[in-house]
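Dear colleague,

Please find the structure below, handed over for your review.

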Amino acid sequence: MHEASIAVELLKVVEAQARQAGMSRVSGMKLRIGAFRMVVPELLSAAFEVVGQGTLAEGAEMRMETVPLVARCERCDEDVAVEDYVFFCPRCGAPLLEILSGKELDLVEMWGEGGESP
Amino acid sequence: MKVTLVQDILDANRRVSAANKRRFDEHGLLVLNLMSSPGAGKTTLLEHCISALAGELAIGVIEGDIQTSLDADRIEAAGAAFAHQINTRGACHIDGNMIAPVVDEMDLDALDLLFVENVGNLVCPAEFDVGEDEKLVLFSVTEGDDKPKKYPLMFQVSGVMLVNKIDLLPHLDADLDKIHAHARDVHPDMRIFDISCKTGEGLDAFYGWLREAVARKKATRV
Ligand SMILES: Nc1nc2c(ncn2[C@@H]2O[C@H](COP(=O)(O)OP(=O)(O)OP(=O)(O)O)[C@@H](O)[C@H]2O)c(=O)[nH]1
Ligand SMILES: [Mg+2]
Ligand SMILES: [Zn+2]
């Protein structure tokens with residue numbers, strides 16, 4: 001259900017960025033979403049379809065790329081893939097206190113009409 | 001046309017929240033964001049804190065609920081130095097924008113500690129900062145041992161976990177050690193307090209932590 005909250009924030013960002021780029025219509029976008037966000041892509045698409053109605057991003061296509069959850073093991077001096085949200089190093093057992101990736105919630109690309117560079 | 005960018009979707013909220021935090025910091029005011037499932041005992045815990053620390057810490061509370069001001073009424077009746085109800089009108093979390101106008105009308109110097117009681121929900125509140133120093137997750141033993149596994153982000157962003165309603169343990173299958181272990185899986189250095197708002201067990205340790213955290217924050221005031 002947090003996909004609805006995220007969709008609302010996403011629309012604000014899309015509208016602001018489109019305005020800045022002078023775009024009149026956004027027909028698609030690409031997102032990078034960290035695995036730790038536990039976003040269900042279909043739910044986010046569905047939520048955006050609802051909040052986007054009547055905006056310049058109505059019906060926009062959404063492409064999503066998932067970023068794996070990776071943390072740093074200080075003891076092994078290595079980056080470790082975190083499995084099942086257990087933040088202990090599978091190799092040495094040390095706690096993993098620094099998350100390197102997996103919490104992203106980024107808009108990385110938008111396409112549509114208008115905004116040809118001046 | 002096509003635009004490439006890297007824009008954090010939650011950045012707008014993060015910026016408003018950072019502005020809130022700067023204002024709290026200027027006054028050396030400790031702000032704690034209290035989160036839990038519906039009915040885990042957030043308001044009850046705050047009532048206890050307010051009356052136990054009366055005369056020692058001036059505590060304010062911003063209450064977030066989808067509807068009603070019942071919780072703020074309870075906080076006021078408990079003798080809080082400040083109580084304000086935010087109705088989120090459907091939103092399942094509080095964000096920085098909802099806090100900002102409340103901060104405008106508060107006398108920040110009159111408080112030692114400000115709690116934000118978030119909307120009962122273990123998902124969305126984990127994603128939205130409000131300008132707090134620390135997130136606290138309250139978890140009641142009636143919810144099942146594996147909640148930290150099911151809502152890992154909530155337990156990862158919270159530095160403190162309060163395990164409430166331990167008075168009910170004799171009647172349940174819940175295993176306190178398992179709850180701790182599951183929480184530490186997602187947050188190895190989680191600070192944990194086992195409490196009962198009914199019997200008062202464990203609350204003194206939490207009050208001690210609050211006193212220290214308030215003193216630490218005040219000491220940072222320039
Ligand atoms: N047995 C027992 N009951 C408790 C304890 N703490 C709270 N309760 C009860 O749990 C119920 C819910 O408590 P609240 O404090 O209203 O919970 P809340 O988290 O503020 O609820 P919402 O704001 O609606 O999400 C009340 O009936 C409390 O009396 C406890 O330690 N033990
Ligand atoms: Mg409450
Ligand atoms: Zn290791």
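Two strands pair if DSSP finds at least two bridges between them, and strands (E, at least two residues) and helices (H or I, at least four residues) are DSSP runs, numbered from the N terminus. The model is predicted: local features need pLDDT of at least 70, side-chain atom pairs count only at pLDDT 80 or more, and totals for chains, interfaces and linings use all residues. Residues are numbered from 1 along each chain as its sequence is written, chains are lettered from A and ligands numbered from 1 in the order in which they are written, and side-chain values use heavy atoms, leaving out hydrogens and water.

In chain A, an open sheet is formed by 3 strands in the order S4-S3-S5, with antiparallel pairing. Its edge strands, each pairing on one side only, are S4 (78–81) and S5 (98–101) of chain A. From one strand to the next, the twist averages 40°. S3 (residues 70–73) of chain A joins S5(A) through 3 bridges in the antiparallel sense, and Val70(A) stands opposite Ser101(A) in S5(A).

In chain B, the axes (lines fitted to C-alpha atoms, for helices over the stretch in contact, with angles from 0 to 180 degrees between N-to-C directions) of H2 (residues 42–52) and H8 (residues 203–219) come within 11 Å and cross at roughly 70°. H2(B) is therefore roughly perpendicular to H8(B), a term covering angles of 65 to 115 degrees. Leu45(B), His48(B), Cys49(B) and Ala52(B) in H2(B) are in contact (heavy atoms within 4.5 Å) with Leu203(B), Phe206(B), Tyr207(B) and Leu210(B) in H8(B).

Yours sincerely

Note on methods: Parallel < 35°, antiparallel > 145°, perpendicular 65-115°, else oblique.
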